Amino acid sequence: MRVLITGGSGFVGQALCPLLKEQGHRPMVVSRSPEPARAVLPSGTDIRRSALDFVDTPPDAIVNLAGESIAGKRWSEAQKERLVNSRVETTHELVRLCEQLSHTGHAPDVMVSASAMGYYGDQGDQEVDEDTTPHDEFAHRLCQRWEEAAQGVTEFGARLAILRIGLVLDKDGGTLKKMLPAFRLGLGGRLGHGEQFMPWVHRHDLVRMIVFLLDGDQHTGAFNGSAPHPVTNAEFTHQLAQHLKRPALMPVPSRVLEVMLGEMSRLLLTGADMLPRRLEQAGFEFTYPTLDKALDDILGSS
Ligand SMILES: NC(=O)c1ccc[n+]([C@@H]2O[C@H](COP(=O)([O-])OP(=O)(O)OC[C@H]3O[C@@H](n4cnc5c(N)ncnc54)[C@H](OP(=O)(O)O)[C@@H]3O)[C@@H](O)[C@H]2O)c1
């Protein structure tokens with residue numbers, strides 16, 4: 001099957017494309033910078049600048065991952081607009097592709113579209129499943145607009161599965177790459193009171209989830225994309241330090257993060273005890289259900 005992936009050059013896409021290829025599918029990637037993307041993707045991947053450039057090579061399926069990094073820059077009003085527009089505009093382009101392909105009877109069968117745990121906003125310590133009422137804040141509004149834009153593909157017959165992704169963990173990228181230098185030096189510590197939940201997922205399980213949702217004809221609507229055993233920030237800090245055999249006794253006070261990061265500090269200081277209820281009901285099996293198992297794999301015995 002031909003699978004078109006927006007943002008396929010990123011941390012998730014770099015694991016998804018080889019898995020799809022291994023399974024006999026043909027990944028095709030939308031990237032603003034095809035040459036650098038080529039260097040990190042399997043050889044022979046068809047890379048073009050816009051989803052609409054693929055109108056002559058209709059995909060059977062779409063995976064929508066593109067978006068400006070949420071933690072890349074302080075959330076000024078202009079940056080918030082970039083975060084929203086980078087996702088909504090890419091998604092609208094996919095809807096236009098589906099519309100164009102529908103005229104020739106070649107619209108894709110399915111789209112798996114990324115969203116994030118931020119959909120729920122700050123939920124304190126209550127358990128969160130796909131039916132939980134979100135807390136209204138910027139992260140929620142961002143994800144809501146992204147998810148609404150994705151709904152457009154259903155008008156052209158595509159099945160839509162939305163994946164509300166937790167913190168993605170693996171070597172060489174994502175949040176862990178940013179945390180490791182301090183923790184390796186023994187300078188890690190909990191953030192604020194540390195009781196905020198950090199739903200997480202091993203990148204290997206995340207890309208397996210995407211393939212699972214692409215494959216199963218019955219999977220529609222929103223799915224929480226995180227492991228079944230989320231942990232608080234304090235527990236995450238403790239387990240990471242244990243795996244690295246380092247102390248983690250340097251807590252960062254909330255006030256410091258608030259001053260340094262402004263509103264973006266909510267990414268670190270708030271969270272949701274998000275559970276992958278619908279994926280488990282659908283029969284998805286995690287290779288890395290616990291953080292201990294995931295860190296064992298990622299960090300080995302370092
Ligand atoms: N990683 C996580 O922990 C996590 C957690 C929750 C949700 N998510 C979401 O899952 C998706 C994939 O995550 P990821 O970690 O693979 O992200 P990533 O490494 O930041 O990659 C996203 C890709 O999106 C494209 N992109 C970046 N800025 C863009 C812009 N302004 N306009 C259009 N495209 C842009 C880039 O591709 P080109 O430069 O090649 O165009 C980039 O490679 C993201 O949308 C992210 O928000 C990730």
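**Close-up views of a predicted model**

**View 1. Cysteine 17 is a buried residue of this predicted model.** The relative accessible area of cysteine 17 is 0%. Cysteine 98 likewise counts as buried, at 0% relative accessibility. The sulfur of cysteine 98 has that of cysteine 17 as its closest cysteine sulfur, yet the 18 Å between them is too far for a bond. A disulfide requires two cysteine sulfur atoms within 2.5 Å, and the count of disulfides in the model comes to zero. Cysteine 17 therefore takes part in no disulfide, the nearest cysteine sulfur being 18 Å away.

**View 2. Four aspartates form a negative surface patch.** The members of the patch are Asp60, Asp109, Asp215 and Asp217. One of them, aspartate 215, lies in helix H6, which comprises residues 203-215. With a relative accessibility of 49%, aspartate 215 counts as partly exposed.

View 3. Lysine 245 is exposed, and its relative accessible area is 61%. In sequence, 59 residues separate lysine 245 from glycine 186, while their C-alpha atoms are 8.8 Å apart in space.

View 4. Glutamate 258 is partly exposed, at 35% relative accessible area, whereas arginine 255 is exposed, at 57%.

**View 5. Salt bridges with shared partners join four residues into one network.** The network consists of Arg26, Asp46, Arg48 and Asp56. Within it, aspartate 56 is bridged to arginine 48, and their closest N and O atoms are 2.9 Å apart. Aspartate 56 counts as exposed, with 58% relative accessibility.

**View 6. Arginine 141 and aspartate 136 form a salt bridge.** A distance of 2.9 Å separates the closest N and O atoms of this pair. Arginine 141 is partly exposed, at 39% relative accessibility, while aspartate 136 is exposed, with a relative accessible area of 53%. The count of salt bridges in the model comes to 14.

Methods
Residues are numbered from 1 along each chain as its sequence is written. This is a predicted model: local features need pLDDT of at least 70, side-chain atom pairs count only at pLDDT 80 or more; totals for chains, interfaces and linings use all residues. Side-chain values use heavy atoms; hydrogens and water are left out. Buried means under 20% relative accessible area, exposed over 50%, partly exposed in between (1.4 Å probe, protein chains only). Patches are made of residues with over 30% relative accessible area and no salt bridge: like charges are joined within 9 Å, nonpolar side chains (Val, Leu, Ile, Met, Phe, Trp, Tyr) within 5 Å. Accessible areas come from the Shrake-Rupley method with a 1.4 Å probe; for residues, only the protein chains shown count as cover. A salt bridge is a side-chain nitrogen of Lys or Arg within 4 Å of a carboxyl oxygen of Asp or Glu. Lys and Arg count as positive and Asp and Glu as negative; His and the chain ends are not counted. The place of a charge is taken as NZ of Lys, CZ of Arg, CG of Asp or CD of Glu. Helices (H or I, at least four residues) and strands (E, at least two) are DSSP runs, numbered from the N terminus.
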